[in-house]
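Please look over the model below together with its sequence. A short report on selected features is given after it.

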Amino acid sequence: MNAPVPGLAPRTLIGTDVVRPNAKRLLAGRGAYVDDKRHPRELHAAFARSPHAHARIVRIDLSNARKSPGVFWCGAGADVAKAVSPWVGVLSHFKGMKSAPQHAVAIDHATWQGEAVAVIVAQTRAQAEDALALVEVDYEPLPAVTDMRTALDPATPVIHPALGDNLAFTRGVDTGGVPEVFAKAHLVVEETFSFGRHTGVCLEPRAITADFNPAEQQLTVWLNNQAPHMMRDIFAKHLEIPEAHVRVIAPDVGGSFGIKVHVYPDEMAIVGVAKLLARPIRYVADRLESFATDIHAREHFVKARLAVDQDGGFLAFELDDLTGIGPYSVYPRTSAVEGNQVVNLTGGPYDFKHYLANLRVVFQNKTPTCQYRAVGHPIAVAVTEGLVDLAAQKLGMDAAEIRRRNLIADDKYPFTSASGMKFEGLSHQACLTKLLKLMDYDALRAEQRALRAQGIHRGIGLAALIEVTNPSAAFYGVGGARISSQDGCTLRLEPTGWVTALTGVTEQGQGTEAMIGQVVASTVGVPMEHVRVITGDTDTTPYGGGTWASRGAGIGGEAALQAGLTLKANILALAAVILTCDAASLDLRASQIVDLQTGEALLSLAEAARIGQYRPDTLPRHFQPELTVSRQYGQRDYPFIFTNGIQASYLEVDVETGFVKLLKHWMVEDCGTIINPQLVDEQLRGGIVQGIGGALFEECLYDETGQLLNATMADYLVPMAAEMPDMVIGHVETPTKSSVLGAKGAGEAGTAGAPAAVMNALNDALLPFAARVTEQPFTPEKILRALGHV
Amino acid sequence: MSQTISLTLQVNRQSVTKTVEPRTHLIDFLRNDLALTGSHIGCEHGVCGACTVLVDGEIVRGCLTLACQLEGAQVETIEGLTESGAIADLQAAFLQRNALQCGYCTPGMLVCATELLQDRPSATQVSRTEIREHISGNYCRCTGYEAIVDAIEETLKSRHATKVFAKEVA
């Protein structure tokens with residue numbers, strides 16, 4: 001059970017499995033996603049996109065497309081630029097970072113296959129697509145920069161000549177003395193790791209409808225986005241409309257995972273065209289466009305070393321990370337964050353002093369990359385845990401034992417990592433102990449040995465992790481990005497005694513609305529059914545950052561808690577006036593004002609609300625009931641509130657075919673106060689499977705000319721039900737002291753650790769063959785190559 | 001493309017007559033012409049299962065079926081299945097188990113599971129592996145599938161228990 005939260009009624013809903021109130025309509029087919037809503041006079045857009053990875057646009061002729069049936073308007077880059085100004089995706093705290101100005105629709109220069117070069121607007125989407133066939137573009141193909149390993153070579157063309165080279169960002173960390181530590185170490189293990197570029201594959205593609213009303217100079221945008229207030233600021237800035245005249249509505253969103261938190265040029269084009277035409281314009285990316293234009297992520301090539309003493313103690317990590325981000329850094333979060341996270345997080349769970357890291361972030365002619373669920377974590381965790389297992393193997397030490405010896409001790413907090421990360425309070429050792437018990441580690445090892453003797457090759461892989469959650473302004477605000485690290489909650493007591501909650505954090509299926517409802521019901525003292533939660537509308541919800549970096553519960557939940565406590569105090573003040581007693585002698589429980597000591601019901605909340613709203617004339621002249629309250633919360637104690645956890649994978653490798661069967665997966669994690677255990681567990685399960693996707697299946701494959709080869713769901717493999725394991729989830733709870741609620745995030749830890757656990761399990765299974773795999777995804781072909789069978 | 005044809009079929013047990021272009025897919029017909037937006041579009045090439053509906057009692061991909069193929073057919077969507085109460089137990093199991101997150105795959109997943117529930121009227125036990133294989137053509141990015149398998153398994157068991165009880169008391 002949770003530690004009691006101060007100020008909460010004893011029978012709190014926090015820590016219980018409340019079903020999500022908004023799930024019923026989704027189950028009934030009554031969800032309302034962007035593409036479900038029809039708008040009077042709406043038009044539909046389609047984009048002509050560059051077939052070349054890199055080309056000069058010599059000429060665009062739209063005259064025939066304009067004559068196509070149903071076509072209303074056609075425009076190229078310069079036409080759209082009349083309404084939308086370009087942007088540059090850099091952050092000032094990333095010293096020396098550079099990127100080129102990017103337009104909504106390319107002007108003169110196409111820099112990846114799939115970049116929009118013209119937009120067609122027609123009565124129907126089919127008519128708009130018919131007209132695409134009549135768009136004439138003369139391209140002068142240019143050499144494409146595809147291999148990030150040669151992107152900085154002098155012989156490689158520079159994608160944006162004005163930038164001077166293809167280097168977007170570089171950063172180093174050096175604690176000093178690292179070469180000396182490696183030179184003297186008992187053991188040094190070294191490995192190269194590569195990570196396949198992959199993407200989010202949200203089942204609902206990106207979708208937008210934008211409408212501009214010139215009579216009010218009002219822009220309204222329905223957008224399946226995680227951060228509506230951020231987008232409102234950006235639309236206002238780049239379309240030169242006062243921010244107060246921009247409304248962004250994020251209705252039901254069909255999965256996001258970080259994909260839907262960025263500025264996409266085609267969406268900016270739609271908003272611009274809506275302003276030019278003063279008509280609602282709808283655009284939904286098709287699956288090919290999703291693969292070619294949704295942000296990609298995780299294309300990294302890493303060389304890393306670990307120095308170990310004779311007892312298996314870790315002395316130093318060394319990391320060289322090279323990552324390719326496409327032709328532009330994505331606005332406004334930038335494409336340098338992922339690599340930066342790899343540098344920050346490598347070695348993160350362990351107690352060691354010496355660290356040397358070097359990061360290079362380079363441009364290339366592929367789809368732009370940016371933050372995708374568990375940003376950088378899966379890379380840092382795989383590199384770290386891969387080296388840890390290798391060290392254990394060389395020392396002849398058990399994989400669990402080497403972790404027990406090196407994970408930061410649970411009584412050693414606050415702790416600052418070698419890379420400079422500050423940890424408030426983690427529970428690595430407790431999580432390891434619980435995991436080993438949960439999976440019956442020793443019995444599993446015995447089973448593995450027994451089966452190995454029968455020619456059945458199973459592997460056990462462990463992966464400890466830390467996760468960045470509840471970010472302060474250190475993530476973006478300090479770098480000049482207008483991305484809020486705080487969030488707000490407004491509560492309105494209705495005259496019926498029900499509560500309407502408006503929150504800045506958004507819902508994409510995680511259960512945000514249920515979580516906020518639980519916190520509000522618990523703090524105010526009303527049943528869950530009497531709380532209605534509203535999200536995703538910049539006209540009505542308090543200003544805030546939205547949902548990313550696992551901040552919904554930790555930031556949005558705390559704002560809701562503070563608002564709830566304030567509303568409760570105001571209600572009790574009103575009740576005290578009505579009852580002519582001291583407010584301190586009252587409590588509010590289950591919609592009844594009760595005597596704090598005896599629990600005797602004195603007044604219903606509905607009656608108090610009725611008097612407060614309709615009969616203030618019966619109250620003393622000096623007393624004004626305040627039945628609408630707002631509170632905001634931003635985490636300011638640490639740059640980030642880290643969580644921790646550990647995962648284990650158990651799998652079987654068919655050494656004849658290279659096929660991998662996932663048998664089971666375990667995870668023990670610590671996200672502080674758990675508001676809704678079921679929702680947390682399902683976040684972890686979903687995250688684990690997303691991580692498994694990257695480990696075994698998913699990769700955006702390009703040829704040397706920058707052509708994306710597998711941009712269909714038949715060719716780009718994602719985890720499906722038949723191949724996925726059942727997952728056992730356990731928890732340790734270390735609430736953060738930075739908030740009253742004590743909640744940390746849980747959205748990304750599953751994805752952070754699963755690839756490493758699977759990799760380590762695979763290599764454990766392959767141990768008798770002296771074969772190793774370190775290039776994700778671990779396809780049957782790569783496994784057979786490692787085995788020397790092909 | 002300007003050529004159109006007239007089409008009459010049953011959708012959710014109501015007769016519908018519409019004029020469609022021959023190229024119109026069933027999913028676009030349902031969503032755009034009939035405003036039945038419960039069925040979703042995910043990949044448009046038959047892989048993801050978001051557009052799964054029942055045609056004459058069998059699950060089909062709405063993105064691989066042309067509307068004009070369905071003269072006289074019986075089409076059932078999530079809206080019809082919900083309003084008839086035919087899968088209320090399955091929907092309740094999904095709700096209790098949180099077998100959905102964003103909900104975008106859910107209508108297709110429910111329709112797919114409906115077929116399994118219909119096809120196994122006498123099954124005492126359908127293994128989790130069989131459930132996983134049955135829904136392996138329906139992509140869900142959010143849940144990791146385990147909760148969905150749990151909810152379907154739970155519904156199969158409770159339907160079986162109901163049948164056994166009905167037999168015993170008859």
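This is a predicted model: local features need pLDDT of at least 70, side-chain atom pairs count only at pLDDT 80 or more; totals for chains, interfaces and linings use all residues.

Residues are numbered from 1 along each chain as its sequence is written, and chains are lettered from A and ligands numbered from 1 in the order in which they are written.

For the complex, the predictor gives an ipTM of 0.97 and a pTM of 0.98. The average pLDDT of chain B is 94, and 96% of its residues score at least 70; pLDDT is the predictor's confidence in each residue, from 0 to 100.

Chain A brings 44 residues to the contact and chain B brings 41. Two residues are in contact if their C-beta atoms, placed from the backbone, lie within 7 Å. On the chain B side, α3(B) gives the largest share, 4 residues. Helices here are DSSP runs of H or I with at least four residues, strands are runs of E with at least two, and both are numbered from the N terminus. The chain B side consists of 19 nonpolar, 16 polar and 6 charged residues.

| Strand pair | Sense | Bridges | Bridge partners |
|---|---|---|---|
| β3(A) and β5(A) | antiparallel | 5 bridges | Cys74(A) and Ile120(A) |
| β21(A) and β22(A) | antiparallel | 5 bridges | Thr490(A) and Leu502(A) |

A residue is buried if 20 or more other C-beta atoms lie within 10 Å of its own.

An open, mixed sheet of 4 strands in chain A has the order β23-β22-β21-β27. β23(A) and β27(A) are the edge strands, each with a single partner, so one side of each has no neighbour in the sheet.

Lys568(A) belongs to helix α15 of chain A, residues 552-579. Lys568(A) counts as buried because 24 C-beta neighbours lie inside 10 Å. Beyond four places in sequence, Lys568(A) is in contact with Thr523(A), Val524(A), Gly525(A) and Leu588(A). Leu588(A) is 20 residues from Lys568(A) in sequence, with 7.2 Å between their C-alpha atoms.

Definitions and conventions:
Ala, Val, Leu, Ile, Met, Phe, Trp, Tyr, Cys and Pro count as nonpolar, Asp, Glu, Lys and Arg as charged, and the others, Gly among them, as polar. A residue is buried if 20 or more other C-beta atoms lie within 10 Å of its own, exposed if 12 or fewer, and partly exposed in between; C-beta atoms are placed from the backbone. Two strands pair if DSSP finds at least two bridges between them.
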